[in-house]
Amino acid sequence: MWGGETIANVEVFDCIVYNIPRSGIVNYVGNDVPTNMSVNVVIRGCEVYGTGEDPDSDGHGIALKNHVVDARVEYNYVHDTAGGGVDLTNNSEQGFMGPENAVVRYNIITRTGGRNSGAGVRISDAGDRSADIYGNIFAENGNSGVSISWQVGGAMALRIYNNTFVGNCALAGYREIYVQENDAAVSALEIVNNLIVTLPTIAAIIDEDGVITAHSSNVYYRPEGGELIRTGSESYAADT
């Protein structure tokens, strides 16, 4: 879709997408002009695996790119992809927006990053974006369960709640939830009511900028104890 058009009310249900050159299921409205838009796209009940057979592709499982409004990614099984499970991104050129009011819920996302170090959900690039991420299982992914990239800029409202994180960061020394230092203007970054079980030496939450607006009612387990959370200059260990 090109030329400032809008598509609306699209459903992608019960598909199996596997062994393909690039990313699996992509809600991507084009890079020609920032006014391209999609509204009310639902990706539900799909299985995606074996993406990124082209070595020049990131090979994500499911991607929402540019100004996609009210997209829902739900009840999917994303596994064994070259890149990340769900990618929320946009064109890095000025004027392009990222996903707005996206919902990523009730998915199982596991063993991503077979060739590229992949997070369960990756948030990247500079445009405004907002999303709710809840009720998912993130297990044994190569990168973090949820990763907010250093590339992020613009306005951001993000809520991460009621998820289960188990043993992510298997390939890269990241964190279960990792907020890299970035230029986003954060109105909300809430991490609430999650179960986070880390690998040895891996922290549960690292927030390099100290921009988390709420973290409460989470349950943490790290085999050897030690630092669980670092947000800005504050640090919390298993025995505090």
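Start by selecting tyrosine 77, which sits in strand S9 (residues 77-79); strands here are DSSP runs of E with at least two residues, numbered from the N terminus. At 35% relative accessibility, tyrosine 77 counts as partly exposed, a term for values between buried (under 20% relative accessible area) and exposed (over 50%), with a 1.4 Å probe and protein chains only. You are looking at a predicted model, where local features need pLDDT of at least 70 and side-chain atom pairs count only at pLDDT 80 or more, while totals for chains, interfaces and linings use all residues. Residues are numbered from 1 along each chain as its sequence is written, and side-chain values use heavy atoms, leaving out hydrogens and water.

Together with Tyr77 they form a nonpolar surface patch with about 250 Å² of accessible area. Such a patch takes residues with over 30% relative accessible area and no salt bridge, joining nonpolar side chains (Val, Leu, Ile, Met, Phe, Trp, Tyr) within 5 Å. A salt bridge would be a side-chain nitrogen of Lys or Arg within 4 Å of a carboxyl oxygen of Asp or Glu, and the areas come from the Shrake-Rupley method with a 1.4 Å probe, with only the protein chains shown counting as cover for residues.

Next, go to glycine 83, in the loop between S9 and strand S10 (86-89). Glycine 83 is buried, at 1% relative accessible area. Leaving aside residues up to four places away in sequence, it touches Asp58, Gly59, His60, Thr112, Gly113, Asn116 and Gly118; a contact means heavy atoms within 4.5 Å.

Your next pick is asparagine 66, in the loop between strand S6 (62-65) and strand S7 (68-69). What is the phi of asparagine 66? It is positive, about 70 degrees, although this residue is not a glycine. Most residues other than glycine have a negative phi. Show the side chain too: that of asparagine 66 reaches the backbone nitrogen of asparagine 91 at 2.6 Å.

For another positive phi, near 65 degrees, select asparagine 193. Asparagine 193 lies in the loop between strand S20 (183-192) and strand S21 (195-197) and is partly exposed, with a relative accessible area of 41%.

Finish at cysteine 46, which is buried at 2%.

Technical notes
Helix = DSSP H or I, 4+ residues; strand = E, 2+ residues; numbered from the N terminus. Polar contact = N/O pair within 3.5 Å; in protein donor to acceptor, adjacent residues only side chain to side chain. Patch = residues over 30% accessible without salt bridge, like charges linked within 9 Å, V, L, I, M, F, W, Y side chains within 5 Å.
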